[in-house]
Amino acid sequence: MGSGSFGTVFAKLLHDAGGEVTLWGRRAEVVEAINTRHENPDYLPGIELPAGVRATLDPAEALAGADFVALAVPAQTLRENLTQWVPALPPEAVLISLMKGVELGTTRRMSEVIREVADVPEERVAVFTGPNFAREMGTGQPCASVAACVDEDVAQRLQAASMTPYFRVYTSTDVIGCELGGAVKNIVALCVGVVVGLGFGDSTRALIMTRGLAEISRLGAALGADEHTFAGLAGMGDLIATCSSPLSRNRTFGENLGRGMTLEQVIAATKQTAEGVKSSEPVLELARKHNVEMPITEAVVNVLYRGMPIKDAAISLISRSPKPERYGV
Ligand SMILES: NC(=O)c1ccc[n+]([C@@H]2O[C@H](COP(=O)([O-])OP(=O)(O)OC[C@H]3O[C@@H](n4cnc5c(N)ncnc54)[C@H](O)[C@@H]3O)[C@@H](O)[C@H]2O)c1
Ligand SMILES: O=P(O)(O)OC[C@H](O)CO
C-alpha cells in the first residue's frame with residue numbers, strides 16, 4: 001500500500017520471492033506506468049519491474065485476499081490512510097510496517113499506530129527494516145533486512161515470503177528495537193548530513209554516528225528494546241548505510257542545510273520522504289518522557305524548529321560536560 005520508492009521495490013521483492021503481488025498507488029499516472037511500462041518513472045526510473053507486479057488505484061482490489069499487507073506511505077499519513085483501508089483489510093492478514101518514523105503529536109511507533117487504527121493484536125503486526133536503499137534493492141544488489149514480530153512464527157512466515165537469491169532476511173521478536181533503529185537513524189543521518197555539508201570529514205562523521213548509536217540504544221533500553229538489536233542490521237547496519245550514502249534523503253536534507261540553504265529551500269528541494277525531519281520532535285518528546293538524554297536529536301530539533309544557528313548547535317554538542325563513554329547506557 002503505497003507506490004513510492006520503497007513500496008514499489010518491496011512489491012518487486014515479494015514477487016521475486018515467489019509471491020503474487022498487487023500494489024496500491026494513489027496517482028493514476030504512476031499506476032498506469034507500472035502496469036504498461038513496468039517502471040515507476042517518478043520514484044525508481046530505469047528499474048524494470050516484473051510484469052507480474054500489478055498496480056491499482058483501488059485499495060479494496062489491492063487488499064482482497066492478501067496474506068500480507070505491507071504499508072509504505074509516509075509515517076505522518078499512515079493514520080489517515082489506514083483508517084480508510086480498515087474496512088477492506090482481510091481479517092487474518094499480517095500488517096507489515098515498512099515505515100521508519102514516529103508519529104507527530106502521539107509519539108507512537110508505526111506498529112502502535114497500526115494496532116490502534118486496525119484494532120489488531122500485536123501478533124498480526126510485523127516490521128521489515130534494515131539497510132535497504134530502494135534503488136540498490138531494485139537493481140538486485142545483495143542486501144539484507146530484519147523481519148520482526150512478537151510472534152516468531154509470523155516473523156518466519158514473512159522471512160520465507162521475502163527471501164530471494166539477492167536478498168537475505170533475518171527474524172527478530174524485538175519489534176520496539178527494530179522500529180527505533182529505523183526511525184532514529186534518520187535523525188542521526190540529518191546531523192551527519194549537516195556535518196558533511198559544513199565540510200567536515202570522516203572523523204566527525206564517525207563521532208556523530210557512534211554517539212548517535214549510543215542515544216538510539218539509550219532510548220531503546222528505556223522503552224524495553226533488546227540492546228543487541230542495535231548492533232544488528234536494524235540498528236548499526238541501517239545507521240551506517242544511511243549516514244554514509246548520498247542516496248539517503250535524510251543525509252542529503254542535512255547536507256543541504258549544512259551547505260547554507262534555508263530550511264524552506266531544502267524542503268522545496270526534497271521531492272521524496274525524509275522521515276527524520278518530522279520524526280525528530282516526537283522522538284525528542286519520547287526521550288523526555290522517559291528521562292533519556294538525546295543530545296544529537298535535540299540539536300537537530302533546535303536547528304529545524306527552534307531557529308538555532310547550526311554553529312551554535314555544533315558548539316552545544318562538542319562542549320557538553322565531560323562524561324565516561326558508557327554514561328547513561
Ligand atoms: N526509499 C527507501 O530506500 C526506503 C527504505 C526503507 C524504508 N523506507 C521507508 O518507507 C516509507 C515510505 O518511503 P518511500 O521511500 O517509499 O517514500 P517516497 O517519498 O518515495 O514515496 C512516498 C509514497 O507515499 C505517497 N504519499 C504521499 N503522501 C501521501 C498521502 N497523504 N496519502 C497516501 N500516500 C501518500 C506518495 O505518493 C508516494 O507514493 C518511509 O517511512 C521510509 O522511511 C524507505
Ligand atoms: O533515504 P533515507 O534517508 O530515507 O533512507 C532510506 C533507508 O531507510 C535506508 O535503509
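Axes here are lines fitted to C-alpha atoms, for helices over the stretch in contact. Keep that in mind. This is a predicted model.

Let's start with two helices. Helix α8 covers residues 175-198, and helix α11 covers residues 249-258. They pack at an angle of about 40°. Their axes are 6 Å apart. The crossing of the two is right-handed.

Which residues meet there? On the α8 side, they include Asn186, Ala189, Leu190 and Cys191. On the α11 side, Asn250, Arg251, Thr252 and Phe253 are among them. By class, this contact of α8 with α11 has 10 nonpolar, 8 polar and 2 charged residues.

Now the ligands. How many residues surround ligand 1? The count is 25. The closest are Gly4, Ser5, Phe6, Met99 and Gln272. Helix α1, residues 5-16, gives the most to this shell, with 3 residues. The shell around ligand 1 divides into 10 nonpolar, 11 polar and 4 charged residues.

So where does ligand 1 lie? Domain 1 (5-174) and domain 2 (176-318) both give residues to its shell, so ligand 1 lies between them.

On to ligand 2. Here 13 residues form the surroundings. Pro131, Asn132, Ser248, Arg249 and Asn250 are the closest. The largest share, 3 residues, comes from α10. By class, the shell around ligand 2 has 4 nonpolar, 5 polar and 4 charged residues. Domain 1 and domain 2 each supply at least three residues to the shell around ligand 2.

Definitions and conventions:
Residues numbered from 1 in each chain as written. Chains lettered and ligands numbered in written order. Predicted model: local features only at pLDDT ≥ 70, side-chain atom pairs only at ≥ 80, totals over all residues. Axes fitted to C-alpha atoms, helices over the stretch in contact; angles between N-to-C directions. Helix = DSSP H or I, 4+ residues; strand = E, 2+ residues; numbered from the N terminus. Left-handed = near helix turned anticlockwise from the far one by under 90°. Contact = placed C-beta atoms within 7 Å. Nonpolar A, V, L, I, M, F, W, Y, C, P; charged D, E, K, R; others polar. Near = placed C-beta within 6 Å. Domains from an automatic or database assignment.
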